[in-house]
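Here's a quick tour for anyone opening this structure for the first time. Take a look at it, then read on.

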Amino acid sequence: MGGSVNGRRRYTSPARREQARKTRRAILDAAHRLFAEKGYLATSVEDIAREAGVARPTVFTSVGVKSQILKEVIDLALAGDDEPVPVRERPWFREALEEPDPHRMLHLHARNMRMMYVRCADVYCAVESAAEADPDVGALWQAMQRWRLMGSRFVAESLAGKTRLRDGYDADTVADMLWSVATPMVYRKLVRERGWSPEQYERWLADLLCRAFLPD
């Protein structure tokens, strides 16, 4: 808000800030649609500007270059809104971690995966498809895998602290399995390609995780 240039006070009104936020969100929503439909490599900044109804320079000043737009689209899709709160601190993520009953905890985790993947699965797969062709996207893809593994470890360690795991499993093994099985790519195959409903995916994942990790 406040500031000065050559001794004159600079002021940004709340209305202007809100308009800038709406423009930024329109650009990110447009990019999400295009990345999901056409893929990252086939989508240009001009395409995004046209879809969002803004001038091309506005895309750069509001968000940044195309790789930065992709990262912002992923962040928004995972979190569900543009509030500056990490996924691990979101109430729905904390609810699963803090649930004392291990069965209920895994059902909440499956719910969380369904909620996120409804929003992000298509664009997540677009990142994977472009990772080898674009170094910036490749770096983002590797970072996304690290973030997802970190989230899986949070869940695995919380589960291991609540119950005895099935024989042969420990927190590291649970984290690796969550990272490899509960993925946006599996969600996309089952829901987009095999016609499952998101709710059917959630029930399947919860049942799979309970059967895999918890003793009879």
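Just after α1, Gly39 takes on a positive phi of about 95°. Helices such as this one (H or I, at least four residues) and strands (E, at least two) are DSSP runs, numbered from the N terminus. A word on where this comes from: it's a predicted model, where local features need pLDDT of at least 70, side-chain atom pairs count only at pLDDT 80 or more, and totals for chains, interfaces and linings use all residues. Residues are numbered from 1 along each chain as its sequence is written, and side-chain values use heavy atoms, with hydrogens and water left out.

**The whole chain**
- The chain has ten helices and two strands, and from the N terminus on its elements run β-β-α-α-α-α-α-α-α-α-α-α.
- Its C-alpha trace spans about 70 × 40 × 30 Å along the principal axes.
- Of the 216 residues in the chain, 42% are buried, where buried means under 20% relative accessible area, exposed over 50%, and partly exposed in between (1.4 Å probe, protein chains only).
- Take the contacts (heavy atoms within 4.5 Å) with a separation of 6 or more: residues 24 or more positions apart account for 62% of them.

**Helix α1**
- Thr23, Ile27, Leu28, Ala30, Ala31, Leu34 and Phe35 are the buried residues here, and their cover includes α2 (45-52), α3 (56-62), α4 and α6.
- An α-helix has 3.6 residues a turn, so residues three or four places apart point the same way.

**The nonpolar core**
- The largest nonpolar core holds 61 residues, and Phe35 and Ile69 touch the most other members; such a core is a set of buried Ala, Val, Leu, Ile, Met, Phe, Trp, Tyr and Cys residues joined through side-chain atoms within 4.5 Å.
- Helix α6 (residues 102-130) gives the most to this core, with 13 residues.
- Not counting residues up to four places away in sequence, Ile69 touches Leu28, Ala31, Phe35, Ile48, Val59, Val63 and Gly64.

- Asn112 sits in helix α6 and counts as buried because its relative accessibility is 1%.
- Leaving aside neighbours within four places in sequence, Asn112 is in contact with Trp92, Phe93 and Ala96.
- Thr183 lies in the loop between α8 (171-181) and α9, and at 4% relative accessibility Thr183 is buried too.
- Beyond residues up to four places away in sequence, Thr183 touches Tyr117, Arg148 and Tyr201.

**Helix α9**
- In α9 (residues 184-193), the buried residues are Pro184, Met185, Tyr187, Leu190 and Val191.
- Those buried residues pack against α6, α7 and α10 (198-213).
- Just after α9, Gly195 has a positive phi of about 80°.
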